[in-house]
Amino acid sequence: MADDRDRDSTEVAVAEFHKKIKEAFEVFDHESNNTVDVREVGTIIRSLGCCPSEGELHDLIAEVEEEEPTGYIRFEKFLPVMTEVLLERRYRPIPEDILLRAFEVLDPAKRGFLSKDELIKYMTEEGEPFSQEEMEEMLSAAIDPESNSIHYKDYITMMVIDEN
Amino acid sequence: MNTPNLEDMGCGTSSATKDKKSEKALKAALVIQNWYRGYSARLKTRQRYALTIFQSIEYADEQGQLQLSNFFSFMLENYTNVPEKEPGLVTRLFGSSIQDKDRQDYLGLIEIPDSYCGPRLQFPLTFTDIDLLIEAFKQQQILHAYYVLEVLFETKKVLQQMPNFTHTNTSPSKEITICGDLHGKLDDLFLIFYKNGLPSVTNPYVFNGDFVDRGKNSMEILMILFVSFLVYPNDLHLNRGNHEDFMMNMRYGFTKEILHKYKMRSVLMPPIPMDGDRAEKKNKLGTATVALGIRTSGSFSEQLTKQEWEQVIDILWSDPRGKRGCYPNTNRGGGCYFGPDITSKILNKYQLKMLVRSHECKPEGYEICHDGKVITVFSASNYYEEGSNRGAYIRMSSGTTPRFFQYQITKATCFRPLYQRVNAIESSAIRMLKERMISRKTDLIRAFQLQDRNKSGKLSMGQWAFSMENVLGLNLPWRSLSSHLVTTDKDGNIDYMSGFQDVHIQKPVKEVQSSLIETVYRYRSDLQIIFNIIDSDHSGLISMEEFRSMWRLFKSHYSVHIDDSQFDELAERMDLNKDGSIDFNEFLKAFYVVHKFDQLNKSDTKLA
């Protein structure tokens, strides 16, 4: 009995995930032919609440691409892969406190801020580096133009409020 | 999270602490980058959703527009008073052709006062007149109705002699520029001319229609384009869009703009002794004449067969899609969707290389589809809302690939950060959506309750989304939008009444049923158009009798189930009765949505 109930609830969950994935996919399906540009797949996956790294994203795309990459991803291939990701709760987002601690690591002197140059250096040289566009985008919202620095605690709070 | 193996990094013989430090920094950077990319993606998606909402609602309104056209046919068949009482009504609805011999009659009615300090055109027009107009419009001057009429008559005369298809030649030294919808956005046209140069023999242009409606300078755009056309008839090409239509103009703002700029400003001023006929003509100037200036083939009941009219709709309303074949455009309610196979077939048949069209707003100002054979170009930036989209134009010549130029007009001197812009368009879109919801509140609640067997006040996400889509007729990502519209409990179930809690329609009179209020609110644009058309002398008043019979007709055509007595009572109680006439603008203005968290009281100022 318990197994039946579990199965039912999983089926319901899967059905709901399917609908959610379809919605997210359709918004980027400009020609309404069940395909999206491969360059938008990362955005779709992230819009569903997952936070894969660039490396993980690259692997995911390889899974959903055609054998001969066409530059487009078909919904039929995307759906099962994405459903698994959601069911397994993979690539969970970073909690706010971990994010804060990450900034604090880059600010060992505990000034409460990072200079513009410091942020640029870390974001474009370390980890999975930002493109110039990504860097400019982040700076436009994060930077305090008077001090030319990023008060990261305020920045994080602002972003979190914005998302909620 | 994958952290690269430090040994692979070839750090050489750094000390252990240095390695550990850089490893920590690396991990921290990864965390921040990962978080930021997720955040950025969600921002872009929110922007997309907002655009989808705007577009869905726009197309649903267009459906409403076509339904209104049907209503007028229905009305003429059923409104028995009309033919005897109001011969003018038929002509107003379906246009009349003003002959050129009328031209002097019209122009004779108007005198330009000495006090007029706006631009003065000199016929025959030359490029100096184009410059003159542009400078004047930059100073926000208004062109006198006399010149407007002259330009319209001239343009009509020239257009009538032209065939439906125009062939033009280009070469690498004479590229042609193609622009899409402008919709009354004068700043965009100025920007295009600034970046790309004014039209001339060496700088030809094609404008793909939809010059008017929505923006506030439809008249100015039209004047600049028509004057340029008259100066360079072989090098400035104007194509008709679906907004070059007098019914569309009544709903989407051009008519209102004209009435506001020309009636209020007294540019059509007497003193001219008038008999009844002339008064009729004079007031017609505000609306019918200008619209007819655009119409190249006269009224549809006189000159176009039903089949021709359907062809016109197909050309002006259709959209390309990825699915093969040709099928009805259900979003807009007119025209069709055509697939890549159709495009190939037609292009091959007429030995054409590509189709450049407009009609659809694109976030980047243009979009290429059907394997590069169809280009959509849209030139009104910030069309739905500040920050909603870029505009674009194309330069091309035979033998070269098209080049695209994008832009975005912005009021601020520097761009606001992305998240602020997204917040703005998102709020605007959600607001519009909530107004839709409240206008269908009764139907929505009925649909929800049908599914809510236990009367718990809650539905699953699937059930709620299903009802929303069905009742509102909007194909939107409801699950993703639900967080903006309703409250969800910890089990993921939706409290469906929560969607109505911070909006309501202002009740002009307390005792009247909500369903009636909702219905009038929902159809307020249609009702306004209908009443305006009946209001033959543009006084803003119609007789109580006309008001009531129009409502009954409307009710029957739109299958609205409201008691007649309710409606009569509402009209009476609102006490807008002025000697047996009703001020219908005041009547309709009284129906508006109040958003609880608004600083302003009126959310729907467009009706004013």
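Colleague: How many of the residues of chain B count as buried?

Modeller: Of its 608 residues, 53% count as buried. Please bear in mind that this is a predicted model.

Colleague: And what does the secondary structure of chain B come to?

Modeller: Chain B has 23 helices and 19 strands. As for its contacts between residues at least 6 apart in sequence, 70% of them join residues at least 24 apart.

Colleague: Let us turn to the interface. What area is buried between chain B and chain A?

Modeller: The two chains bury about 4,200 Å² between them, with carbon and sulfur atoms giving 60% of this area. On the side of chain B, the residues that lose the most area to chain A are B:W35, B:Y36 and B:R37, which together make up 18% of what that side buries.

Colleague: How many residues does each chain bring to the contact?

Modeller: Chain B brings 44 residues and chain A brings 43 residues.

Colleague: What about polar contacts between the two chains?

Modeller: There are 16 residue pairs in polar contact between chain B and chain A, counting pairs with both residues at pLDDT 80 or more.

Colleague: Which elements of chain B touch chain A?

Modeller: Those giving two or more residues to that side are α1 (16-78), β8 (366-369), α15 (418-439), α17 (461-472) and α18 (478-485) of chain B. The most comes from α1(B), with 25 residues. By residue class, the side of chain B that touches chain A divides into 22 nonpolar, 12 polar and 10 charged.

Colleague: How many salt bridges cross the interface?

Modeller: The rule finds 5 salt bridges between chain B and chain A. In one salt bridge, the side chain of B:R479 meets that of A:E23, at 3.6 Å from N to O.

Colleague: Why is A:S32 classed as partly exposed?

Modeller: Its relative accessible area is 41%.

Colleague: What is A:S32 in contact with, neighbours within four places in sequence aside?

Modeller: A:S32 is in contact with B:R321 and B:K323.

Colleague: And how far apart are A:S32 and A:L100?

Modeller: They are 68 residues apart in sequence, and in space their C-alpha atoms are 41 Å apart.

Definitions and conventions
Residues numbered from 1 in each chain as written. Chains lettered and ligands numbered in written order. Heavy atoms only, no water. Contact = heavy atoms within 4.5 Å. Buried area = accessible area lost by both parts, 1.4 Å probe. Salt bridge = Lys/Arg side-chain N within 4 Å of Asp/Glu carboxyl O. Polar contact = N/O pair within 3.5 Å; in protein donor to acceptor, adjacent residues only side chain to side chain. Helix = DSSP H or I, 4+ residues; strand = E, 2+ residues; numbered from the N terminus. Nonpolar A, V, L, I, M, F, W, Y, C, P; charged D, E, K, R; others polar. Buried < 20%, exposed > 50% of the residue type's maximum accessible area, 1.4 Å probe, protein only.
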